[in-house]
Amino acid sequence: MEEAVPFSIVSTVKALSGALRRDAENEAEISREREKLWFKESSAKNLRNRDFLSPNTVLTMLYAGGEVSLKHVPSDVLSGVRSLHGSGVLPIGATEVTAEGLHVCVDRCAAFKGVLCGITPYLRPAAQRQGCILINCPALHTKQTIPSPDTLALGQLRTVLIADHHGAHLRRQGYTVSFCPALPQDSDIVNFLKTLGIYWPTVPVSWTNEDREEKMKKALENSTYRDRAIDRGKRRSRGEEIEGEKRGIKEEVRINLKQVVQDGNVQGYDPTLGSCTVQRESLCHLAQLDSATADLPVSTATVLHVTSCQDEFRQQQTAMLWRAAGATAAQRLVICGPVKTLGIQMNAAQYLQLRKAQMKEASETKYGDQVEGQTWDDIIRVMTSATVRFELLSTVHTSPVTLDVQRDSGVSTKGPRGGVFVMYNCARLHTLFSSYEKGVEQGLYPEIPEGAELDFSALKEEGEWLLLFNYLIPFSELLDQSGQILWHEGGTARVNLRTEQVCRFLVSLSKDFSSYYNRVHVLGEPLPHLFNQMFCRLLLLRALRELYHSALDSLNLPPIPQL
């Protein structure tokens, strides 16, 4: 059977805007302002009265010239709004013109039924895309030595987490995603990343990339962008020659990066990029990129360099050196702000160790002697990873993050801010359904019937509509946004991928779910006349549990069965 097109906030707003503009004389002006014609409500207070609002300023501009009463909105326009339908458009219920503007309420019973009887498309991106993405993380490239947890700065850890999260996000959208650089198997950095749920590609310890380094060196030596005038004008001492040979370059090679930028017509690169001397470190980086893209189709491949703001200039140099060596893949930069700690300096290893100790102490305080054995070790590891990810991913990636590492509020289930709070509320759903299933086994409750057999008008509690309208319906569109940005944003060097949105979405969801769950008793008395409402609520919360799993999956966080 063909899957029904899911309801969409974007499709509904677009249809509502079309209905309003139908009789507008100033069509060109309104087309430019169409995003402002309607507002989706989200607060519990406003959702008591309306779901969408077209403000009075819009209506007077469209139909009253700013002077005539709002009651003079054309009747055929109101009729068109009330009878609105189409692919992805929410069913319209009541409409009303007030001093605030035109209120539109969704037919909530029909919306509950449409979503909860076909939840699958709401849990995945709205569109499936094609293409190959290589995510390059400069923080993990070998410099003098292989990176380790003790040499990894917090800002660099943030870039790795963003790279990992965005890779999972893009895979969900249909992209083929790979990562660079490959790291030595069983190295300290690989094991460290595994504790955070990051499974970075590895190579045997004996593996070398010397052949590709030599290939990159020759490509740059023979590049049309080699700045030979500077090479000829600069004489080196014997000591400089020896140092150059140690770096793997017998003769100094300089590349005119400014000319590479101009000829490639790439926008957004630093105007001060000039001639750059090729270092051994750069050759290692280029060789890794060349190896990682060897099997990618250039026409559909994009390379995302996820780096810190401190290293942006160096990464721009590397990107243009690669281009000078003959690379033709599209390259974009994801620039991440710095991470600051209050009153103390620490590296990534120290930070993770501190958060893990705080998480264990908080668990022992709450659960006592239960906190022992492999199960609890796994729970503490996942909860620590959740704390770290939410602390470093919940802020817009271009902005700085400030951590108060001495405070353990981030590992509390009571503070509605971070990853532990989110994981705790996800676990509450598991506990709820475990209790229900035990009730079924004991004969207290029947199995949940098919949604088509239920009367969803029983879902009258304001928190129930808020969970559907603010979270279940928009989630698919949220998952799709980063792919849209990557696909449609202009060809400048930088790209802003809104990597903070999933974390913020989950925190907001957890606040509203917690409020609802604390207020409503879902598993009622085992009386037949109460079953319909209970089953409707269980279907809603089952969909919510699947949403949690889907969102956490993009953060590489497994759900915790119980806490």
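Colleague: Are R537 and E464 buried or exposed?

Modeller: Good place to begin, and keep in mind that this is a predicted model. Both R537 and E464 are buried. The term means that a residue has under 20% relative accessible area.

Colleague: What do the side chains of R537 and E464 form?

Modeller: They meet in a salt bridge, with 3D contact from N to O at 2.7 Å. The pair links distant parts of the chain, with R537 in helix α21 (residues 528–553) and E464 in helix α18 (residues 462–472), 73 residues apart.

Colleague: Which residue forms a salt bridge with R494?

Modeller: That is E312, and the closest N and O atoms are 2.7 Å apart. Again the pair links distant parts of the chain: R494 is in the loop between α19 (475–488) and α20 (501–519), while E312 is in helix α14 (residues 312–324), 182 residues away. R494 has 37% relative accessibility, so it counts as partly exposed, whereas E312 is buried at 13%.

Colleague: You mentioned helix α16. Why is α16 described as largely enclosed by the rest of the structure?

Modeller: Count its buried residues: 15 of the 20 residues of α16 are buried, so the helix is largely enclosed. Helix α16 (residues 374–393) reaches 28 Å from its first C-alpha to its last, close to the 28 Å expected at 1.5 Å a residue.

Colleague: What separation do the C-alpha atoms of L47 and G463 have?

Modeller: They are separated by 9.8 Å, although the two residues are 416 residues apart along the chain. L47 sits in helix α3 (residues 44–47). Its relative accessibility is 5%, so L47 counts as buried.

Colleague: Now the backbone. Which peptide bond is cis, with omega near 5°?

Modeller: Start with the general idea: most residues other than glycine have a negative phi, and most peptide bonds are trans. Here, the bond from C180 to P181 is cis. You will find P181 in the loop between β6 (176–180) and β7 (183–184).

Colleague: And what is the phi of N265?

Modeller: It is near 50°, a positive value in a residue other than glycine. N265 lies in the loop between α12 (257–264) and β10 (275–277), and with 58% relative accessibility it counts as exposed. R498 also has a positive phi, near 55°. R498 lies in the loop between α19 and α20 and is partly exposed, at 43% relative accessible area.

Colleague: Lastly, which residues form a negative surface patch?

Modeller: E361, E364, D369 and E372 form it. To find your way there, look for E361 in helix α15 (residues 348–367).

Conventions. Residues numbered from 1 in each chain as written. Predicted model: local features only at pLDDT ≥ 70, side-chain atom pairs only at ≥ 80, totals over all residues. Heavy atoms only, no water. Patch = residues over 30% accessible without salt bridge, like charges linked within 9 Å, V, L, I, M, F, W, Y side chains within 5 Å. Areas by Shrake-Rupley, 256 points an atom, 1.4 Å probe, with all protein chains shown as cover. Salt bridge = Lys/Arg side-chain N within 4 Å of Asp/Glu carboxyl O. Lys, Arg positive; Asp, Glu negative; His and termini not counted. Charge placed at Lys NZ, Arg CZ, Asp CG, Glu CD. Helix = DSSP H or I, 4+ residues; strand = E, 2+ residues; numbered from the N terminus. Expected span 1.5 Å × (residues − 1). Buried < 20%, exposed > 50% of the residue type's maximum accessible area, 1.4 Å probe, protein only.
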